[in-house]
Structures are given as C-alpha cells and as structure tokens.
Amino acid sequence: MDDSTREPQQGPRRLTRQYFCSIEVAIDCIGGKWKPRLIYSLKSGPRRFTELQKLIPRASMKVIVAQLRELEADGLVSRNTLNEAVAGVEYRLSESSSELLPALQALHEWGIRQAQRKNIMLELEHENGEEN
C-alpha cells in the first residue's frame, strides 16, 4: 500500500491526523512543555507520581497528570498501580521512549552550552550525582 492510500493511524489521540513529516510525528508525541522533562526524569528508573511532581515544581499537578496521560496513550510511558500496602502509582519508560534518551541527552548538553553562550543562569538539579 503506498502512502497516498494509507489509512490514518488509529489510536487514543491520533484518530484522523495526517502527517507529512516524521519530525511532526516525533514532536506530536513529545511536544509539550514538560513531556521531555518527564521522560528524561524517568531515565534512571521508575518513579512515583509525587517524585515527578517534586522534580518539576513549576508544573501544576493537573498539567503533569495530563502530560503523563498523553505519554501513556502514545505508548511512551507505562503506569503501574502499586499494591495496597504502598498506595500510589509508579511511572516507567517504555522501550520506545528509551530510544529517545540519546536525543534528550544531546538536547540537555546543547542547552547547557547555549546557556553558557547566552549567560543564562541554570539551576540544575542533581540526582545521584547526575544533572537533569
């Protein structure tokens, strides 16, 4: 089947969207003020929702929930409800979002260099000796 007759992708968020560039698909999946940060924050392993909230203090709970739901709908993050003894949920990266980590690491490093060039003060958080 050639591209001109291909049916639109059926899925939770993209029922009728037609794409003309692969970059559009990528940006549609990870676009959003906090989505790249959420993915990058999960690089070291699963995190509880409250941990993610603490890592992104400027984002409201409503926005974090919405962006995590979109990431989950796109298959980039999985959500696991913890057992009754440990109430809450935990989020982890899917295999496809793990493929994004080198690109996000490159953006992270570029952002540091750009901040230095523009004399922008960065307040990088440290977690287990790593910069976010």
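**Helices, core and sheet**

Tutor: Let us begin with α6, where the face turned away from the buried side carries the exposed residues Pro102 and Leu107.

Student: Which residues of α6 are buried, and how are they arranged around the axis of α6?

Tutor: The buried residues of α6 are Leu101, Leu104, His108, Ile112 and Ala115. Seen down the axis of α6, these buried residues fall within an arc of 85 degrees, so they line one face of the helix.

Student: Which residues of α4 are buried, and which are exposed?

Tutor: In α4, the buried residues are Ile64, Gln67, Leu68 and Leu71. They cover an arc of only 100 degrees around the axis, which means that they lie on the same side of α4. What covers these buried residues includes α1, α2, α3, β2 and β3. On the other side of α4, the exposed residues are Lys62 and Arg69.

Student: How many residues does the largest nonpolar core have, and which have the most contacts inside it?

Tutor: The largest nonpolar core has 22 residues. The elements giving two or more residues to this core are α1 (22-30), α2 (35-41), α3 (49-55), α4 (61-73), β3 (89-93) and α6 (101-117). The residues with the most contacts inside the core are Leu38, Ile39, Leu68 and Tyr91.

Student: What does Ile39 touch, not counting residues up to four places away in sequence?

Tutor: Ile39 is among the residues with the most contacts inside the core. Leaving aside residues up to four places away in sequence, Ile39 touches Ile30, Leu71, Leu76, Leu93, Ser97, Leu100, Leu101 and Leu104.

Student: Which strands stand at the edges of the sheet?

Tutor: The open sheet of 3 strands has the order β1-β3-β2, with antiparallel pairing. Each edge strand has a single partner strand, so one side of each is left without a neighbour in the sheet, and these strands are β1 (47-48) and β2 (77-81).

Student: What is the bridge partner of Arg79 in β3?

Tutor: The strands β2 and β3 run antiparallel and are joined by 5 bridges. In β3, the bridge partner of Arg79 is Tyr91.

Student: Is Ser78 buried or partly exposed?

Tutor: Ser78 lies in strand β2, and beyond four places in sequence Ser78 touches Glu90, Tyr91 and Arg92. The C-alpha atoms of Ser78 and Tyr91 are 5.6 Å apart, although 13 residues separate the two in sequence. Because its relative accessibility is 31%, Ser78 counts as partly exposed.

Student: Over which residues is the pLDDT below 50?

Tutor: The chain averages a pLDDT of 84, and 81% of the residues score at least 70. Where pLDDT is low, the predicted coordinates should not be read in detail. The model has 8 contacts beyond near neighbours in sequence for one such stretch, and 21 contacts beyond four places in sequence for another. The stretches with pLDDT below 50 include residues 1-11 and residues 127-132.

Notes:
Residues are numbered from 1 along each chain as its sequence is written. This is a predicted model: local features need pLDDT of at least 70, side-chain atom pairs count only at pLDDT 80 or more; totals for chains, interfaces and linings use all residues. Side-chain values use heavy atoms; hydrogens and water are left out. A nonpolar core is a set of buried Ala, Val, Leu, Ile, Met, Phe, Trp, Tyr and Cys residues joined through side-chain atoms within 4.5 Å. Buried means under 20% relative accessible area, exposed over 50%, partly exposed in between (1.4 Å probe, protein chains only). Helices (H or I, at least four residues) and strands (E, at least two) are DSSP runs, numbered from the N terminus. Contact means heavy atoms within 4.5 Å. Two strands pair if DSSP finds at least two bridges between them. The arc is that of the directions from the helix axis to the C-beta atoms. pLDDT is the predictor's confidence in each residue, from 0 to 100.
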